[in-house]
Structures are given as structure tokens and as C-alpha cells.
Amino acid sequence: DLTKQVIEEMQKDDQPNFLITLPTDDMLRYAQYLDQNFDPNNLLYGIPYVAKDNFSTKNIRTTAGSKILSNYIPNFNATIVELLNQNQAMMAGKVTLDELGMGGTGLHSAYGEISNPYDQKRQIGGSSSGSVYAVAKGLVPFSLGTDTGDSIRKPASYVGIVGFKPTYGAISRYGVIPYAPSLDHAGFFTRNVDDMALIADVTFKKDDKDFTSFETRDQDFLKDINDLKPTTKFAYLKEVQEHLPEKIKRKYEQLFNKLKAKGYEVNEVSFDLDLLNTINPVYMMISYPEAISSHANLSGMGFGMRAEGENYAQIMINSRSKYLGEIVKRRFVIGSLNLKQENQDLYFLKAKRVRRLIANALNDILASDDILILPPSFQPAPLIETALEDDEKADSDFLHDILVMGNFAGIPSITIPFTTEEAMPIGINLNAGVYQDKKLLQAAKVLED
Ligand code: GLN
């Protein structure tokens with residue numbers, strides 16, 4: 001009944017573009033079956049959620065926000081979806097995203113734009129736009145997202161919800177349509193940290209189908225959520241703090257004082273400014289080549305939409321020209337160029353070396369301090385008319401892309417609600433060393449209170 005009600009509400013919503021596909025009758029029959037098999041010990045029993053439409057769902061269309069996959073119906077579930085099924089949560093819909101996870105605005109899905117529910121003149125952010133939307137509107141208590149640069153943690157900030165990207169490999173990515181595999185993380189949105197801990201409890205599992213996945217040492221996320229060690233050390237970056245707009249800077253200072261008053265150590269640490277300024281170009285030089293390589297199969301041949309053509313090359317060119325959006329095309333072109341033999345060393349391999357430097361510097365900080373605090377955004381959600389794509393702001397402020405460091409290093413990272421500016425929510429982001437997901441959630445819980 002709850003799932004039915006959620007579906008009705010989603011269909012009546014004033015921004016219907018957020019929803020791409022509803023569950024099939026099979027799923028609804030499963031809900032009826034669950035009704036008769038109530039398990040009172042299962043906290044997820046019957047809880048409806050929505051999935052970003054790049055999570056494969058058996059017998060349910062999975063478009064990844066692209067026209068090229070508009071007729072793609074997987075015959076298997078992504079492992080995360082499977083685990084949630086086993087725990088009797090109810091998938092209530094597949095929701096929109098910037099095409100193939102590329103973008104950060106919610107304006108670049110082949111299935112229409114959506115905007116920020118708090119102010120429709122503003123962006124909701126992306127690429128996990130639909131997942132953010134559904135939780136921010138209170139339509140569902142949690143949703144699935146993916147994060148290659150910041151696509152969970154930045155839009156969560158724009159609508160004041162919790163967005164979590166676990167350690168690379170801690171949860172399975174099997175069945176998630178990739179963007180850039182060495183940076184791609186799956187993750188979740190909720191309205192509070194306790195709910196996030198509950199989802200972590202059922203999804204942190206090694207999956208033999210995903211060769212990057214590992215056996216997590218952490219368990220009992222929810223049970224131990226209030227047990228952050230009093231000796232936990234927090235840190236923030238001097239260069240970032242100096243760069244923040246005055247008003248926000250003061251709010252961060254107040255927060256640091258509050259943490260100190262609670263007895264925690266808070267340290268100012270330094271990060272090489274030159275390295276910070278490379279984040280965006282390095283991200284582009286790594287993610288675009290990985291994107292063109294992992295999407296070699298979007299050729300119009302094996303599956304997905306096919307345009308006319310006399311031979312393989314023509315079919316591929318015509319299918320991609322017709323069924324891919326501008327951002328994806330641009331990234332594919334730049335990515336291919338970077339992978340050309342003569343350019344590899346100059347761009348792709350060099351970018352990988354700089355990525356390692358950034359990850360090392362970050363890991364050094366997280367080896368001595370437990371939690372690094374970063375601003376997921378230093379302004380409320382930007383206006384739609386000022387939307388810049390990530391590759392259009394290559395020379396802009398490093399603060400735009402600061403969270404991408406977390407993907408370079410594969411560390412766990414979470415955004416939680418923090419404050420408001422111009423009557424809009426704005427979040428705060430916390431990071432911990434690899435495998436320290438539990439400590440990260442515990443710290444988030446302290447800051448949430
Ligand atoms: N906004 C970034 C981009 O456009 C991040 C995307 C992501 O994390 N999927 O690439």
C-alpha cells in the first residue's frame with residue numbers, strides 16, 4: 001500500500017521529469033507477496049526507494065538518462081538492487097540523471113530538465129538529480145546514486161540531504177552503468193545519518209561479480225552509530241578556509257569551535273595550492289578517456305538504439321550522433337583524443353601521475369587526522385541561467401571541484417545538511433581514510449546533532 005501511495009504521489013508531482021520509469025507489475029506483485037510475509041525484525045521491510053536510472057533493474061527499462069539506451073531492458077539486477085530486494089525494500093521507480101552520469105546540473109538528461117524543489121529558478125545539481133529530488137521532496141526516505149566526481153555529495157548539499165559515497169570497493173558496482181570505472185562509486189541518499197547507517201548495514205558486502213569489491217571489516221553501522229571515539233581528530237584545509245566567502249567562513253569557524261567545545265581536536269592543515277588547482281583538468285583527462293573506453297559498447301550494434309548505416313562504422317557514427325547528447329559527445333571526442341597513442345603520455349598518463357600525488361597528499365592528512373572537513377559547495381544551488389558545465393569552467397575556482405579528490409583516493413565521503421544561505425540549504429562534507437566508513441558515519445552523526 002505504501003509503495004502504491006508513493007507511486008501515485010510521484011506521478012502527481014509538479015516536476016514529473018524526475019521520474020523515468022515505474023516498476024513493473026511483477027514488482028508490485030512482489031509487494032503484495034511481502035504484505036503477507038511481514039518480518040517485524042527487518043527495518044527495511046516494505047520501505048520504498050528510487051534508483052538512479054544507471055542501476056540495472058531486471059525487466060525494468062534502464063536508460064542511464066540517455067536516448068541511446070531508451071529501449072534497454074536488463075535481464076538482471078545490479079547487486080545493490082538485489083540486496084535491497086532481499087531485505088524487502090521496495091523499488092518504487094527509476095529516476096533521472098544527467099546523461100550517463102556526465103554533468104552536474106540536472107539539466108542534461110535526455111528525459112527533460114528538473115530544478116531545485118526549494119527554488120525552481122535554481123539548479124538541483126547532478127548528476128544524481130532525480131535521486132536527490134525524490135528524497136528532498138520526501139517522496140521516499142532513501143535513494144540510490146552514483147558519484148564519479150561529486151555527483152552524490154554536491155547535489156545533496158544543494159537540497160540539504162545526506163549523500164554518502166562509501167570507500168571504493170566497499171559496496172558492489174555490479175550492474176551499474178559506468179562513467180569512468182577508476183573513479184565511479186555507488187552510494188546513497190537519505191534524510192538523516194541513522195538511515196544511512198541502516199542502508200550501509202545491508203549493502204556493505206563483497207561481491208564476486210565486482211572484482212574491485214572487498215570484504216568490509218565494518219559491521220553494525222547503526223548499532224554503533226553514537227560511538228565516535230572522543231579522541232577523534234578533525235582537520236580542515238587552510239587554503240580552502242582562506243578561499244571561502246566571508247559568511248560561510250564564519251559558519252565553519254563556529255562549527256570548529258563547537259567541535260572543540262565538545263572535546264575534539266580540530267587541526268588546520270595545509271594542501272599544496274598548485275595541486276588543488278589541477279583537480280579539474282586531471283579529472284577531465286582521466287574520466288573522459290575512461291568514459292569513451294567503457295562505452296565502446298554503445299555502438300548501436302549489440303543493444304540500445306540503432307540508426308541506419310551500411311556498415312559497422314556508419315551505424316556506430318549515426319547511432320551516436322543521433323542518440324547521444326552534446327555533453328557526452330564532447331567528452332567522448334576529448335577522451336578519444338587523449339587516448340591516441342601520441343597523446344597518451346602527454347595527457348592521460350600524466351594526469352594519472354598527478355592524481356596519485358593528490359591522493360597521496362590526501363592520504364597523508366587522513367593518516368594523522370581522522371576526519372577531513374570540506375565544503376561541498378561554497379554557495380547555495382546556482383541559478384539555472386548561470387549553469388556552467390564542468391568542462392566549461394576549467395580555469396575557475398578549485399573550490400568547485402574540491403570533492404573530486406575523494407574519488408581520486410577512493411576514500412569514504414559524506415555530505416550532511418549544515419546551514420542555509422539566501423534561504424537555501426547548504427551542506428558540509430566529511431572524509432575519512434579508506435575503510436574508515438564506520439568512523440565517518442559516526443562523525444557525521446556528531447555533526448548532525
Ligand atoms: N559533475 C561532474 C561531471 O560532470 C561529476 C559527475 C559525476 O560524479 N558522475 O563529470
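The protein chain of this predicted model is built from 15 helices and 11 strands.

The overall dimensions can be considered next. Along its principal axes, the C-alpha trace of the protein chain extends over about 65 × 65 × 45 Å. The radius of gyration of the protein chain is 21 Å, which agrees with the value near 22 Å that a compact globule of 449 residues would have. Of these 449 residues, 52% count as buried.

The ligand is surrounded by 12 residues. Gly-101, Gly-104, Thr-148, Gly-149 and Ser-151 are the closest of them. By residue class, the shell around the ligand comprises 7 polar, 3 charged and 2 nonpolar residues.

Is Asp-220 buried or exposed? Asp-220 has 12 other C-beta atoms within 10 Å, and because a residue with 12 or fewer such neighbours counts as exposed, Asp-220 is exposed. Asp-220 can also be placed relative to Leu-198: the two residues are 22 apart in sequence, and their C-alpha atoms are separated by 8.6 Å in space.

How values were computed
Residues are numbered from 1 along each chain as its sequence is written. This is a predicted model: local features need pLDDT of at least 70, side-chain atom pairs count only at pLDDT 80 or more; totals for chains, interfaces and linings use all residues. Helices (H or I, at least four residues) and strands (E, at least two) are DSSP runs, numbered from the N terminus. The radius of gyration is taken over C-alpha atoms; the globule rule is 2.2 Å times the number of residues to the power 0.38. A residue is buried if 20 or more other C-beta atoms lie within 10 Å of its own, exposed if 12 or fewer, and partly exposed in between; C-beta atoms are placed from the backbone. A residue is near a molecule or strand if its C-beta atom, placed from the backbone, lies within 6 Å of it. Ala, Val, Leu, Ile, Met, Phe, Trp, Tyr, Cys and Pro count as nonpolar, Asp, Glu, Lys and Arg as charged, and the others, Gly among them, as polar.
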